[in-house]
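Here is a friendly walk through one protein model, written for someone who likes to know how each value was defined. Please have a look at the sequence and the structure first.

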Amino acid sequence: MITKTAAVAGGVGGLMLAFAIFHFVNTFWLLPAARKEARDLYIAEQAVTDRKTELERKGDDATLQTLTDYDLCVAGLRGNRMPIDPCDQLRRTGEE
């Protein structure tokens with residue numbers, strides 16, 4: 001007949017064995033797959049973001065190429081919260 005001590009020892013041993021098996025499965029099978037999946041997902045998200053940024057930049061470049069020198073100067077200075085007085089020189093050169 002099994003004693004209480006043997007039953008407790010068997011239960012503890014079984015728990016330790018189960019923990020070791022789950023640890024082994026996680027370490028050598030599940031975690032590497034999760035890391036690879038996360039890396040692939042990160043790379044895909046970066047590619048989408050890069051593509052969106054590239055399209056926005058192309059649109060901005062097309063807009064900037066249509067601006068006059070004066071308008072470009074004003075946009076740059078206003079973006080930096082600076083006075084636009086120096087841009088007046090560019091307006092005069094266009095009128096001459």
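## The disulfide

The link of Cys73 and Cys87 is left-handed, with -80° about the S-S bond. Its two ends sit in distant parts of the chain, 14 residues apart: Cys73 belongs to helix α2, while Cys87 lies in the loop between α2 and α3 (88–95). The S to S distance in the disulfide that joins Cys73 to Cys87 is 2.0 Å. With a disulfide defined as a pair of cysteine sulfur atoms within 2.5 Å, the count comes to 1 disulfide. As a reminder, such a link is a covalent bond between the sulfur atoms of two cysteines.

How buried or exposed are the two ends? Cys87 counts as buried, at 0% relative accessibility, and Cys73 is partly exposed, with a relative accessible area of 21%. For these words, buried means under 20% relative accessible area, exposed means over 50%, and partly exposed is in between, using a 1.4 Å probe and protein chains only.

## Where the values come from

This is a predicted model, in which local features need pLDDT of at least 70 and side-chain atom pairs count only at pLDDT 80 or more, while totals for chains, interfaces and linings use all residues. Residues are numbered from 1 along each chain as its sequence is written, and side-chain values use heavy atoms, with hydrogens and water left out.

## Overall layout

The protein has 3 helices and 0 strands, and from the N terminus on its elements run α-α-α. Helices (H or I, at least four residues) and strands (E, at least two) are DSSP runs, numbered from the N terminus.

What radius of gyration does the protein have, and what would a compact globule of 96 residues have? The protein has 34 Å, whereas the globule would have a value near 12 Å. The radius is taken over C-alpha atoms, and the globule rule is 2.2 Å times the number of residues to the power 0.38. Along its principal axes, the C-alpha trace spans about 110 × 25 × 10 Å.

## Surface and charge

Buried residues make up 4% of the 96 residues in the protein. The accessible surface comes to about 8700 Å², and 63% of this surface belongs to carbon and sulfur atoms. These areas come from the Shrake-Rupley method with a 1.4 Å probe; for residues, only the protein chains shown count as cover.

## Helix α1

Helix α1 covers residues 4–66 and includes Leu15. Leu15 is exposed, with a relative accessible area of 64%. Its C-alpha atom is separated by 33 Å from that of Arg39, 24 residues apart along the chain.

Val8 is also found in helix α1, and at 55% relative accessibility Val8 counts as exposed. Between the C-alpha atoms of Val8 and Lys52, which are 44 residues apart in sequence, the distance is 61 Å.

## Helix α2 and beyond

Which residues of helix α2 (residues 69–79) are buried? They are Tyr70, Val74 and Leu77. Seen down the axis of α2, these buried residues fall within an arc of 75°, so they line one face of the helix. That arc is formed by the directions from the helix axis to the C-beta atoms. In general, an α-helix has 3.6 residues a turn, so residues three or four places apart point the same way. The face of α2 turned away from the buried side carries the exposed residues Asp69 and Gly79.

Gly76 lies in helix α2 too and is partly exposed, with a relative accessible area of 34%. Gly76 and Arg57 are 19 residues apart in sequence and 16 Å apart in space, C-alpha to C-alpha. Just after α2, Arg81 takes a positive phi of about 55°, a positive value in a residue other than glycine. Arg81 sits in the loop between α2 and α3 and counts as exposed at 80% relative accessibility.

Arg91 is found in helix α3 and is partly exposed, with a relative accessible area of 42%. The C-alpha atoms of Arg91 and Thr68 are separated by 9.1 Å, with the two residues 23 residues apart along the chain.
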